[in-house]
Amino acid sequence: MARTKEFDPDAALQSALELFWERGYEATSMADLVAHLGIARASIYATFGNKHDLYLAALDRYREARNPELFEELSQPGPVLPAVRALVERFARQASEEPTRLRGCFLTNTAAELAAHDAGAARIVECGWNQMETNLTLALTRARAQGELGPDRDPQALARFLLVVLQGMRVVGKAGPDAHRLRDATQQALSLLD
């Protein structure tokens, strides 16, 4: 007779996500995971596979949880540009405030740590960034249709620019918040929305 799990796999995955997000992949050992999750190494392997498999599952969970919030914010009825501006300002604020600046974005952290040599991690990062770009493009297309952006503006190019700036804010903030850099970058990004 098969034994039932003595832990909640969903809660364990969330706990692993938090640990990986805080420490990164390389700095998190299996012993760290066993201690943090409070479950045996064999149970981790049986449920999630190896450390790499668990990391990718945690990263994918993070991506899935973050993108619906963004889509919801950008798809509200009415004027679009205030929501886009608020998004840019929120990223700048998070990049300069403790403790969010130290954690950064799990996708961005993964891009910097693993994506160059880990196809699975790169695929999830790219998926997350594609979703963000798509959400921004749809919002900016709607803004152009509503007359908030000029007809000559390219929503996809603007969305790509914003994606790069927003992710860059996370990197700059994590390395050490320079209020002048973040403020100037935010102002320049916002000026393109006028």
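Start by selecting H4, which gives the most to the lining of the largest pocket, with 6 residues. Before going further, note that this is a predicted model, where local features need pLDDT of at least 70 and side-chain atom pairs count only at pLDDT 80 or more, while totals for chains, interfaces and linings use all residues. Residues are numbered from 1 along each chain as its sequence is written, and side-chain values use heavy atoms, with hydrogens and water left out.

**Stop one: the pocket**

Helices here are DSSP runs of H or I, at least four residues, numbered from the N terminus. The space between them comes to about 420 Å³.

The volume is the space filled by probe spheres set on the points, which are joined across faces, edges and corners.

Colour the lining by type and you get 9 nonpolar, 6 polar and 6 charged residues. Nonpolar means Ala, Val, Leu, Ile, Met, Phe, Trp, Tyr, Cys and Pro, charged means Asp, Glu, Lys and Arg, and the others, Gly among them, are polar.

**Stop two: the salt bridges**

How many salt bridges are there? The count comes to 10, taking a side-chain nitrogen of Lys or Arg within 4 Å of a carboxyl oxygen of Asp or Glu.

Select Glu18 and Arg103, whose closest N and O atoms are 2.7 Å apart. Glu18 sits in helix H1 (residues 9-23) and Arg103 in helix H6 (residues 100-103), so this bridge ties together parts 85 residues apart in sequence. Glu18 is partly exposed at 28% relative accessible area, and Arg103 is partly exposed at 24%. The cut-offs are under 20% for buried, over 50% for exposed and partly exposed in between, with a 1.4 Å probe and protein chains only.

Next, pick Glu98 and Arg101, bridged at 2.6 Å between the closest N and O atoms; Arg101 is buried, at 12%. Then jump to Asp184 and Arg183, which meet at 3.4 Å, N to O. Asp184 is partly exposed at 37%, and Arg183 is partly exposed at 39%.

Finish on Asp60, Arg63 and Glu64, which are linked in a network of salt bridges.

Key:
Helix = DSSP H or I, 4+ residues; strand = E, 2+ residues; numbered from the N terminus. 1 Å grid on protein atoms, 1.4 Å probe; cavity = no way out; pocket = protein on both sides within 12 Å on 5 of 7 lines; lining within 4 Å.
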